[in-house]
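Please open the structure in your viewer and keep the selection panel at hand.

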Amino acid sequence: MAPERADASLAHYCIRQTGRHLLLLVRSPGEIVNPLLFFLLVIILFPLGLGPDPEMLSALAPGIVWVVALLANVMLCMRLFADDFADGSLEQLAMANIPLAVAVLPQLLASWLASGFLLSLVSPLFGLMLGLPLSVAPILMASLLMGTLIMLLLGAVGAALTVGIQRGGMLLSLLILPLYVPVLIVGTRSLTEAVGGGDPAVALALLGAGVTGGLVLSPVAIAAGLRVSLEL
Amino acid sequence: MTATLLEVRDLDVYKGPRQLLTGLNLTVTTGSLLQLAGGNGVGKTSLLRAFAGLARIEVFGHLSRCDDVLYSGHAPALKGTMSPRQNLRTHPAGLCSPSDSELDKALAALNMTGYEDALTARLSAGQQRRVALARLFLPSARLWLLDEPFTALDVAGVRVLENRFREHADDGGAVIFTSHQKADLGERLEVLDLESYRGP
């Protein structure tokens, strides 16, 4: 390999790998559609169970939206590295001549685009179904954009640690649900503030800080977890 | 000019609590073709993974190798929903993407012309093996670590691969591979029988 190609190749490598994972997701659309469908079903079911009173629904909506987003994320994390681990792609990823913490970023990006990002884009629709006023839509989208990314970054650490374990789903939930709790509280807070006419800025800023911290720290933890899983 | 690509001194390999290999000494230079032999469970794969750096904590002793390594394990790292061409172009270990002509040449060398854009899942086991091995026909690393490369290949495929090994060694590369078959690589082939390093 010519040395002058080295810098350009890292960026190209990341773009190529992101494309690979997006293509894989498109080729098996169930992976993308399932969490969205799950989200839709639960949101449809809540008004049926709680009654159609708009006042009560919009008071409960922030909690409902966030809990469902959280559960959809846990579902995603259970499958996150499973295929790549089984077919040897993960060990090949570890053989690439770049730090594993960098090499996992394309997959995280692709997974987030196909899950949290899509979910945030359609979330105003779900918000309307739960009686959230349209004026809250920007806050809803912003908080979900950041919240799903934090949850994916946290969940990926657990997924990396448990990918080598048969039926590690239960263990994964135990590992990551406590970490999700602060995200859930802050995320819900941003919405209840917005619905109640308060200032959601503090909660959104906390989510932003979470994204920044997660982007810096979690790839290192994910890489370490994957190494442990590969060595078993 | 020969350079050392991999050097091992007094290496112990563990798998869990069990010691597989003990006191292994080995030097692999450019132009070497080395076959790791031994019965099932003697530790061929574990040793190869240790060489690749995938079993860091289970290895004790001195192990140094060049950075320029291609590892191919039991799992072929192929995605069934993508074509051979897409699989090779976006291979997770490949920092540089091969060009289309390089890809076509590599697949043609393994007699896979016409299957470049087929779904990999529809190919037979032997054909999938050929797609995985096509990486060896692309511009690649100097030191190859191959786990059972001949599995599922037909006689002609084995010939092609053996020729490629020789060519790679002539070009200043080296190959370490595991196999139960006797590879026809002439007197350049060294065979390391791991049975004689079996742990206690």
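**Two helices in chain A**

Select helix 3 (residues 54-79) and helix 9 (residues 169-195) of chain A: they pack at an angle of about 150°, with their axes 9 Å apart. Helices here are DSSP runs of H or I of at least four residues, and strands are runs of E of at least two, numbered from the N terminus. Axes are lines fitted to C-alpha atoms over the stretch in contact, and angles run from 0 to 180 degrees between N-to-C directions. Because angles over 145 degrees count as roughly antiparallel, helix 3 of chain A is roughly antiparallel to helix 9 of chain A.

This is a predicted model, in which local features need pLDDT of at least 70 and side-chain atom pairs count only at pLDDT 80 or more, while totals for chains, interfaces and linings use all residues. Residues are numbered from 1 along each chain as its sequence is written, and chains are lettered from A and ligands numbered from 1 in the order in which they are written.

**A strand in chain B**

Next, select strand 5 (residues 69-72) of chain B. Are its residues V69(B), Y71(B), L70(B) and S72(B) buried or exposed? V69(B) and Y71(B) on one side, and L70(B) and S72(B) on the other, are all buried (20 or more other C-beta atoms within 10 Å of their own, placed from the backbone).

**Between the chains**

Finally, show both chains: their contact takes 25 residues from chain B and 26 residues from chain A (C-beta atoms, placed from the backbone, within 7 Å).

Technical notes
A residue is buried if 20 or more other C-beta atoms lie within 10 Å of its own, exposed if 12 or fewer, and partly exposed in between; C-beta atoms are placed from the backbone. Two residues are in contact if their C-beta atoms, placed from the backbone, lie within 7 Å. Angles under 35 degrees count as roughly parallel, over 145 as roughly antiparallel, 65 to 115 as roughly perpendicular and the rest as oblique.
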